[in-house]
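I opened my notebook to look a few things up in this structure. My entries follow, in the order I made them.

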Amino acid sequence: MVCGGFTCSRNALSSLNVVYMLVGLLLIGVAAWGKGFGIVSSIHIIGGVIAVGVFLLLISIVGLIGAINHHQVLLFFYMVILFLVFIIQFGVSCSCLAINRGQQEQLLNTSWGHLSNQTRVELETRLDCCGLLNDTLSMGQFRMDYANCTAVCKAKNQCYTCGDKMLQHSQEALQILGGVGLFFSFTEILGVWLAVRYRNQKDPRANPSAFL
């Protein structure tokens, strides 16, 4: 049976907005986890994902209220804003999937250079690592950071570089955010279509002369 009735459209739109709430919370949570690794927060795409997650969470609440009450004005703004969120989310998700390891290393090197020595030591202690990246381009900086490092792993002579640790977690975060965001961005087109259809349907409980 095709879902074409008023009640079915309302239930479908309400359910879709509940899913959007969960997706928004997931995007915010994973992005916040990625930003929790200090220097990873320098990847501005992750900040963009948090913004998209907040907007998606807020617009899903508006859509849910509009769907339950069949509120014409709320549904109209819901359609417009959700389409804008789709465009932004699609672009941000593609960016998350497109950024490669070399670009991430460049961002980390730039951000690491702006950190004070005390901040670097605190970050090394928190992540239990020493130095950023042990490569030929930053060998002098790495040796200086390793000499100042006070992480526990240094006493055991079993330290990973902080860059490797942060790149691992940032790559995981970017892949999750990009995949989830890209997949659910297409469902937002379905949400816009459902809202347009539901907005133009007649509420059988309402006064017939009051329709539109």
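Predicted model: local features only at pLDDT ≥ 70, side-chain atom pairs only at ≥ 80, totals over all residues.

**Contacts.** I count two residues as in contact when they have heavy atoms within 4.5 Å. With that cut-off I looked at the contacts in the protein chain that have a separation of 6 or more, and found that residues 24 or more positions apart account for 78% of them.

**Confidence.** The mean pLDDT of the protein chain is 81, and I see 88% of its residues at 70 or more. Going element by element, I found the lowest mean pLDDT, 77, in helix H4 (residues 101-113). The highest, 89, belongs to H3.

**Overall make-up.** I counted 8 helices and 0 strands in the protein chain. Reading along the sequence, I wrote the pattern down as α-α-α-α-α-α-α-α. I also checked burial: of the 212 residues, 40% count as buried.

**H3 against H8.** How do H3 and H8 pack? For a pair of packed helices I want the angle between the axes and the distance between them. I looked up helix H3 (residues 72-98) and helix H8 (residues 162-199), and got an angle of about 155 degrees with the axes 8 Å apart. Angles over 145 degrees count as roughly antiparallel, so that is how I describe H3 and H8. I logged the crossing of H3 past H8 as left-handed. The residues of this contact divide into 22 nonpolar, 9 polar and 2 charged.

**Ser60.** Next I went to helix H2 (residues 44-69), where Ser60 is found. Is Ser60 buried or exposed? Its relative accessible area is 0%, so I put Ser60 down as buried, the cut-off for that being under 20%. Which residues does Ser60 touch, leaving out those up to four places away in sequence? My list for Ser60 reads Asn17, Tyr20 and Met21.

**His70.** My last stop was the loop between H2 and H3, where His70 lies. I stopped there for the backbone: phi of His70 is near 50 degrees, a positive value in a residue other than glycine. I flagged that because most residues other than glycine have a negative phi. I checked accessibility too, and at 11% relative accessibility His70 counts as buried.

**Looking back.** For the helix pair, the word I keep is roughly antiparallel for H3 and H8.

Technical notes:
Residues numbered from 1 in each chain as written. Heavy atoms only, no water. Axes fitted to C-alpha atoms, helices over the stretch in contact; angles between N-to-C directions. Helix = DSSP H or I, 4+ residues; strand = E, 2+ residues; numbered from the N terminus. Parallel < 35°, antiparallel > 145°, perpendicular 65-115°, else oblique. Left-handed = near helix turned anticlockwise from the far one by under 90°. Nonpolar A, V, L, I, M, F, W, Y, C, P; charged D, E, K, R; others polar. pLDDT = per-residue confidence, 0-100. Buried < 20%, exposed > 50% of the residue type's maximum accessible area, 1.4 Å probe, protein only.
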